[in-house]
Amino acid sequence: MGYVAIKGGGRAIKGATAVLEMLRTSEGDRGTPLSLDVIETQLRLLTSRVLSEGGLYHPPLAALAIKQMQGDTLEAAFTLRAYRSTRPRLLETPVQDTSGMRIIRRISSAFKEIPGGQILGPTFDYTLRLMRFDLVDEDPKTFRSFVRRFLKDVPEDRLPTNFPRVVDTFRAEGLLPPASPRDITPFDITREPLVFPVPRSAALSTMARAETGSLLALAYSNMRGFGDIHPTVAELRVGYLPVLLPHPATGETMEMGEVLMTECEVIAMYEEGEDGGSPVFTMGYGACFGHNEVKAISMAILDRALQKGMRDGPSNPSEDPEFVLLHIDGVDSMGFASHYKMPHYVTFQSDMDRLRSTRRKAEGTGQDKTGKGYDPGGDPA
Amino acid sequence: MNPGYKLSPVEASYSFAFLDEYAKREIRRAILKAISLPGYQVPYASREMPMGRGFGTGGLQVTLSIIGPDDTLKVIDQGSDDSVNAVNLRRFVEMTCPGISTTSNTSEATIIQSRHRIPELPLSEDQVLVLQVPYPDPLVLIEPSEARRKTMHGEKDYSRLLTRLYEDLIRFGEITISHRYPTRINGHYVLDPSPIPRYDIPKLNRSRALILFGAGREKKVYAVPPFTSAEPLAFEDVPFRTEDFRDPKTGERRPCSRCRSTDSFLDEFLDTKGEKIYQCSDSDYCNHRLFRKGSRPEKP
């Protein structure tokens, strides 16, 4: 009889790869291969999500990952992250000031009037989620005419280049606690493993590249009642942040490019001030690559919850740093969920041996002599 | 927007062994620490690999950090060189490490990466066995918090783990842990030996080969150095037992239906007639026994 254990793996993998490619190209002659630009522009929120969860700001590669992984966000972020593993980390950016962000959207739900004003910008928040049947069959001409009309109506006067952060104004009034000092060296989660307890910077970077759905679920548990943050959005901003780096020769900081980012600051219930001072509000901070508002809000809420947990000990899952930070990474969690599809013949055989042996004992057939006893001492094996 | 984006050659290429040199150096440092503290779980900044977490990314990072062009690599999964995951991992290493050789022959390999099995043939001083690990910490059975587990390991406090084994004996008359059997290394740290069956646990004890464990998702590396003691947790009056392959009717050890071996770990399955068949799980071992008998192994 043939060797029936596991065989033919190489051929099976080749076949699986071919079928995947077949499904991607199955339109044949009628198909239009997706260009990276089309993905980056028309699926910009998908690209944003992959950029953010992949933890590498490279929009064309994020678009390539989306195309290659046929739209699976977990797989695409994973592919981008794996590419990142191959690149050395050459330098560290200094702390970036987000007030210099080229804003495309900026709102506050805490204050009606904010310095610089509110900008609703690109959001689905107040659009009706009705099917737009006119998109079923579109023509590039409609793209062109819309862009032309839109640009004609854009007012001449430019937006200010600097939007002070809302919380800075209220911090000046003493209603908010002072910001953390800027000179701390942030924890680099790409170079150091999380060994608990971890500093807040480790928590923030872990959340910044976390899987959106996982962050949302944990933050939602806190919003619903497994926690008591009761946040108000002090500011949510989306825009292009100029990235400043020191010049290799002169050391002077210069702009190297810009990254699309979403930033959110929430104000939560007040607490007694330090050393018996007047009570102040507490804050939570969220920021990530790309345009991902739900992610930034969830992160800000969890940041606030974790700060409480780190200080007083967790009383809810969303306040427990280990529980939150070790279960929100999409690459980790999707990988482990997928691994259960691999063969587990050996371990299952071992499980069956235990069950049979236990059952024999329960049925009283005795079996003291079964199995090999084992003497740990002795000669090299 | 990047109209017609073109990747630069640097962006579109990979270095030897995939990982950048800094990453490999960091993992080698973690390995040296792991060898110096037998059984201790050394945290390291596990990198993302281009295959799923849980598919052997920890073992793979260890292998890629120690492999050089003069190495011969064997990769097995469930004891087989030809299972999908073993093929996938081996191909990846071949692709990213030009110059290395691969083999299915246990005695020819300098590095053996494995999931769920230790080869049946005894390994030598010139070999390194790399095991893929899903759960590095045996204490996770009784304590979910990693911070608390770390303290327990430091204090050599395994009382709750032993209590768990004792409770098993009271409830079931048997210790119910089948694979991943907690094993004490060099008289101190208790480790999770990865999901190898109990049958393979004795092979850890005073092994001639260096055994390295890599957990990618959980970001830990640990080791059983050569000639180091490895004792599965047990009680004086309840000795550790390996899987029983005896036929309950005859009391005889079942042989492999292919090579007739009576001293290897067996896979059990049903043939087309619905009858139970037992065969070696280590395919290389089974083939070698057939060669020795003079008959060629059957083609798949």
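Reader: What covers the buried residues of helix 2 of chain B?
Author: This is a predicted model, to be clear. In it, the cover includes helix 1 and helix 3 of chain B. Strand 4 (111-115), strand 5 (128-132), strand 8 (210-215) and strand 9 (220-224) of chain B are also included.

Reader: And how many residues of helix 2 of chain B are buried?
Author: Nine of its ten residues, so to count them, residues 57-66 of chain B are mostly covered.

Reader: Which ones are buried in helix 2 of chain B?
Author: B:Thr57, B:Gly58, B:Gly59, B:Leu60, B:Gln61, B:Val62, B:Thr63, B:Leu64 and B:Ser65.

Reader: Zoom out. What share of chain B counts as buried?
Author: 50% of its 300 residues. Chain B has six helices and twelve strands.

Reader: How is chain B divided into domains?
Author: Domain 1 covers 21-138 + 182-232, and domain 2 covers 244-295. Their C-alpha centres lie 26 Å apart.

Reader: How many residues are in contact between those two domains of chain B?
Author: 13 from domain 1 of chain B, with seven from domain 2 of chain B. On the domain 1 side, the classes are four nonpolar, six polar and three charged residues.

Reader: Now the chain pair. How many residues of chain B are in contact with chain A?
Author: 78 residues of chain B, and they contact 63 residues of chain A.

Reader: Which elements of chain B give two or more residues to that side?
Author: Helix 1 (21-36), helix 3 (84-96), helix 4 (146-154), strand 10 (230-232) and strand 11 (266-270) of chain B.

Reader: Which of them gives the most?
Author: Helix 3 of chain B, with five residues. Helix 1 and helix 3 of chain B also belong to the cover of helix 2 of chain B.

Reader: Over to chain A. How many helices and strands?
Author: 13 helices and four strands.

Reader: Is chain A a compact globule or more spread out?
Author: More spread out. Its radius of gyration is 27 Å, well over the 21 Å from the globule rule for 381 residues. The C-alpha trace of chain A spans about 90 × 70 × 55 Å along its principal axes.

Reader: What percentage of chain A is buried?
Author: Buried residues make up 35% of the 381.

Reader: Which domains does the assignment give for chain A?
Author: Domain 1 (32-88) and domain 2 (98-131 + 158-335). Their C-alpha centres lie 23 Å apart.

Reader: How many residues are in contact across those domains of chain A?
Author: 13 residues of domain 1 of chain A, with 14 residues of domain 2 of chain A.

Reader: Which elements contribute two or more residues on the domain 1 side?
Author: Helix 3 (44-54) and helix 5 (73-84) of chain A. Helix 3 of chain A gives the most, with seven residues.

Reader: And the classes on that side of domain 1 of chain A?
Author: Six nonpolar, three polar and four charged residues.

Terms used:
Residues numbered from 1 in each chain as written. Chains lettered and ligands numbered in written order. Predicted model: local features only at pLDDT ≥ 70, side-chain atom pairs only at ≥ 80, totals over all residues. Domains from an automatic or database assignment. Nonpolar A, V, L, I, M, F, W, Y, C, P; charged D, E, K, R; others polar. Buried ≥ 20, exposed ≤ 12 C-beta atoms within 10 Å, placed from the backbone. Rg over C-alpha atoms; globule rule 2.2 N^0.38 Å.
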